[in-house]
Amino acid sequence: MASFEELVSRYRDKIFARAFSMMRHEEEALDLSQDAWVKGWQRLAQFHGESSFITWMTRIVINLCLDQLRKQKRQRAESIEAMDEEGGGGIERRMPVINPNPTQGLERAELRERIDRALAQLSYEHRTVLVLHEFEELEYKEIAKQMKCSIGTVMSRLFYARRRMESLLAGLRRRNSE
Amino acid sequence: MKNDLQLKVQAWVDGELSDGEARRIGEWIANDAEASALAAELGCLKQSMSGNEVAAPLSESREFYWSKIERQIQRESTLAGKPSVPWLGRWRRYLAPAMGAVALACLVVVAIKQAGTPAFDEISSTIDGMEAVTFHDQSSQMTVTWLQDNTPSPVEEKSIKSPVQSQDAPESVIDM
């Protein structure tokens, strides 16, 4: 148990950060990150070192967050399949290409903060697909497996999420320059 | 630009296409201004986001954070080690013969009751001049009900009354 406590101590920030980036709610992220460690302990025998320990633990916390988000989605009685970007495209799909780069010339800390604010405004499906692709660097097929949807849906959601992010970042840049 | 082409551009930016398709789409992007601008936009965003995740600080101390995990692990280990109903296992060997004896006693009582029951039942009831007699034959599972009207007819009623009364009273009163 002492060695497991050491692992928790070493990686707790990363696990909490991943939970927070998906849930956008501190208490929920805290509970889910701790639940992930409990699950990790219970499944320790299943860890055979195919990936690093932190990658394995990150998958556990991502799965718990996705389960929780699906539960919340069901409670709101919204259908994932009825998302607007899958029904022919929202305005983001048709909007013109944004030029210049809305993040150009920003300091790293400011850029991070803007990305974080923009991510917070996305729906959980779009935020999750971006987090898994850009931060976890998962391939389309891995994201599809995690999110229990088709690769086509992943591509569609990712495209919509990116266009929306562009739009939000451009909006933040305009507001700051005014 | 069509949606499937937009997604192809995105897949090209993400390196998700096969070598042959990547070459083909790459050539098309190089010769199409719109596709080229979209690829540049998606690439810029990808580059901007890469490695720029905000590090959400964990406000709880190491000890406090660990204590909840430790408690949960211990609680679940205890639950996993216990039988689902601990007292039931201990008492099962005593309860099983006793329950068998009770079931046997119930069967005997029912059998005795069945044997003591007469082959038929007869119930009689009289309500406001109507008599109902019900007969049930258990051996042939048959029920017969007689209904008998015991209400005196007007003629009989007239004869019951005294001759003086019947002579003085009008007929309409007698009929009532």
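**View 1. Helix 1 and helix 3 of chain A pack at an angle of about 35°, with their axes 10 Å apart.** Helix 1 covers residues 2-23 and helix 3 covers residues 53-75; helices here are DSSP runs (H or I, at least four residues), numbered from the N terminus. The axes are lines fitted to C-alpha atoms over the stretch in contact, and angles run from 0 to 180 degrees between N-to-C directions. Among the residues that make the contact are Tyr11(A), Ile15(A) and Ala19(A) of helix 1 of chain A, and Met57(A), Val61(A) and Cys65(A) of helix 3 of chain A. Two residues are in contact if their C-beta atoms, placed from the backbone, lie within 7 Å.

This is a predicted model: local features need pLDDT of at least 70, side-chain atom pairs count only at pLDDT 80 or more, and totals for chains, interfaces and linings use all residues. Residues are numbered from 1 along each chain as its sequence is written, while chains are lettered from A and ligands numbered from 1 in the order in which they are written.

**View 2. Chain A meets chain B.** Here 39 residues of chain A are in contact with 31 residues of chain B. On the side of chain A that touches chain B, the largest share, nine residues, comes from helix 1 of chain A. Helix 2 (26-42) and helix 8 (151-177) of chain A are among the others that each supply at least two residues. The model scores ipTM 0.79 and pTM 0.64.

**View 3. The largest nonpolar core has 51 residues.** Such a core is a set of buried Ala, Val, Leu, Ile, Met, Phe, Trp, Tyr and Cys residues joined through C-beta atoms within 7 Å; buried means that 20 or more other C-beta atoms lie within 10 Å of a residue's own. Those with the most contacts inside this core include Ala19(A), Val61(A) and Ala39(B). Leaving aside neighbours within four places in sequence, Ala39(B) is in contact with Val9(B), Trp12(B), Val13(B) and Ile29(B).

**View 4. Lys73(A) sits in helix 3 of chain A.** Lys73(A) is partly exposed because 15 other C-beta atoms lie within 10 Å, which falls between buried and exposed (12 or fewer). From Lys73(A) to Tyr124(A) is 51 residues in sequence and 9.2 Å in space, C-alpha to C-alpha.

View 5. Where pLDDT is low, the predicted coordinates should not be read in detail.
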